[in-house]
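Please read it with the sequence and the coordinates open.

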Amino acid sequence: SIALQGIRTASPTPGETIAVIGLGLLGQLTIQILQAYGFPVLGLDIDPLRVSEAIALGVEATVITNPANTEKATLDFSKGRGTDQVIITAAATTNHPVELAGTILRDRGTVTIVGDVKINIPRRLYYQKELNVRLSRSYGPGRYDTIYEEKGIDYPMPYVRWTEKRNIEEFLRLIKSKKVDVERLITHTFSINDAISAYDLISN
C-alpha cells in the first residue's frame with residue numbers, strides 16, 4: 001500500500017512514461033503495480049541483481065544506473081523526450097536519486113519521493129526544467145491519525161476515496177487477480193519461532 005500510495009501521489013495519466021529509481025522491495029512492487037495499470041515503466045538501480053529481478057518480473061526496460069548508460073537508456077525508452085514521471089523508491093544517504101530524477105525527466109515532469117533519500121533539490125536543474133516535486137507519506141490518508149488508525153473511524157469515501165485501508169484492499173485485489181506477484185520477492189521463509197533469526201538476517 002506504500003507503493004500504491006506513491007503512485008496515487010504521482011497521479012500519472014494514461015500513456016505517460018514512468019521511471020522508478022530503486023528496485024528494492026518497494027521499487028519491485030511499484031513497477032508491478034504500474035504495469036498492472038498499463039503504464040510503460042523503466043526501472044533503475046545500481047545493483048545488477050535487483051535489475052535482474054525486475055526483468056524477471058517483466059518490467060519493460062531496466063538499466064543499471066551509471067553515467068555511461070542511464071541518460072541514453074532513458075531517452076531511448078521515452079522516444080527522446082525524457083520520462084513524464086519519476087518515482088523514487090530508493091533508500092540513500094546521498095542526493096544522487098534526486099539529481100538523477102531531475103536529469104532524466106522531461107521539462108515540467110514530476111518527481112515523487114517515496115523512499116528515504118536525502119532531499120537537496122538542485123535548483124538550477126529543477127528550475128530550468130520547471131519540475132514538480134511531490135512527497136508521498138506512507139500507506140495513504142489515515143496514516144498517523146490516531147482517530148483513524150486506533151479508533152477505526154473511517155474517512156467518508158465521497159471526500160477521501162483512497163485511504164490506508166482502501167489502498168490495502170486494492171493491493172490485495174491486484175494479488176488475487178495475479179496482476180502483482182509477491183511470491184517471486186520471497187527470499188527466505190522462517191517459522192514464527194525463528195523470528196529473531198529473521199531480524200538478524202535483515203540487520204546483518
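Between which helix and which strand is the loop that holds Ser 11 found?

1. Ser 11 sits in the loop that runs between helix 1 (2–10) and strand 1, where helices (H or I, at least four residues) and strands (E, at least two) are DSSP runs numbered from the N terminus. Its phi is near 55 degrees, which is a positive value in a residue other than glycine. Ser 11 is partly exposed, with a relative accessible area of 43%; here buried means under 20% relative accessible area, exposed over 50%, and partly exposed in between, with a 1.4 Å probe and protein chains only.

2. On the basis of the numbers: this is a predicted model, in which local features need pLDDT of at least 70 and side-chain atom pairs count only at pLDDT 80 or more, whereas totals for chains, interfaces and linings use all residues. Residues are numbered from 1 along each chain as its sequence is written, and side-chain values use heavy atoms, with hydrogens and water left out.

3. As to the overall fold, the protein has nine helices and six strands. Its radius of gyration is 18 Å, close to the 17 Å that the globule rule gives for 204 residues, so the protein is as compact as a globular protein of that length; the radius is taken over C-alpha atoms, and the rule is 2.2 Å times the number of residues to the power 0.38. The C-alpha trace spans about 50 × 40 × 35 Å along the principal axes, and 42% of the 204 residues count as buried.

4. With contact meaning heavy atoms within 4.5 Å, 54% of the contacts between residues at least 6 apart in sequence join residues at least 24 apart.

5. Helix 5 (residues 96–104) has Pro 97, Val 98, Leu 100, Ala 101, Gly 102 and Ile 104 buried. The cover over these buried residues includes strand 1 (18–21), strand 2 (41–45), strand 4 (83–88) and strand 5 (105–113), together with helix 4 (70–77) and helix 6 (123–129).

6. Gln 28, placed in helix 2 (residues 25–36), is buried, with a relative accessible area of 1%. Its side chain reaches the backbone oxygen of Leu 23 at 2.9 Å and the backbone oxygen of Arg 50 at 3.2 Å. Beyond its neighbours within four places in sequence, Gln 28 is in contact with Leu 23, Arg 50, Glu 53, Ala 54, Leu 57 and Leu 185.

7. Leu 185, one of those partners of Gln 28, is found in the loop between helix 8 (164–176) and helix 9 (195–203). When neighbours within four places in sequence are left aside, Leu 185 is in contact with Leu 25, Gln 28, Leu 29, Gln 32 and Leu 57. Leu 185 and Ile 31 are 154 residues apart in sequence, and their C-alpha atoms are 13 Å apart in space.

8. Two further loop residues deserve a look. Ser 138, in the loop between strand 6 (132–135) and helix 7 (146–149), has a phi near 55 degrees, again a positive value in a residue other than glycine, and Ser 138 is buried, with a relative accessible area of 15%. Asn 66, in the loop between strand 3 (61–64) and helix 4, counts as partly exposed at 31% relative accessibility; Asn 66 and Leu 44 are 22 residues apart in sequence and 9.6 Å apart in space, C-alpha to C-alpha.

Key: Polar contact = N/O pair within 3.5 Å; in protein donor to acceptor, adjacent residues only side chain to side chain.
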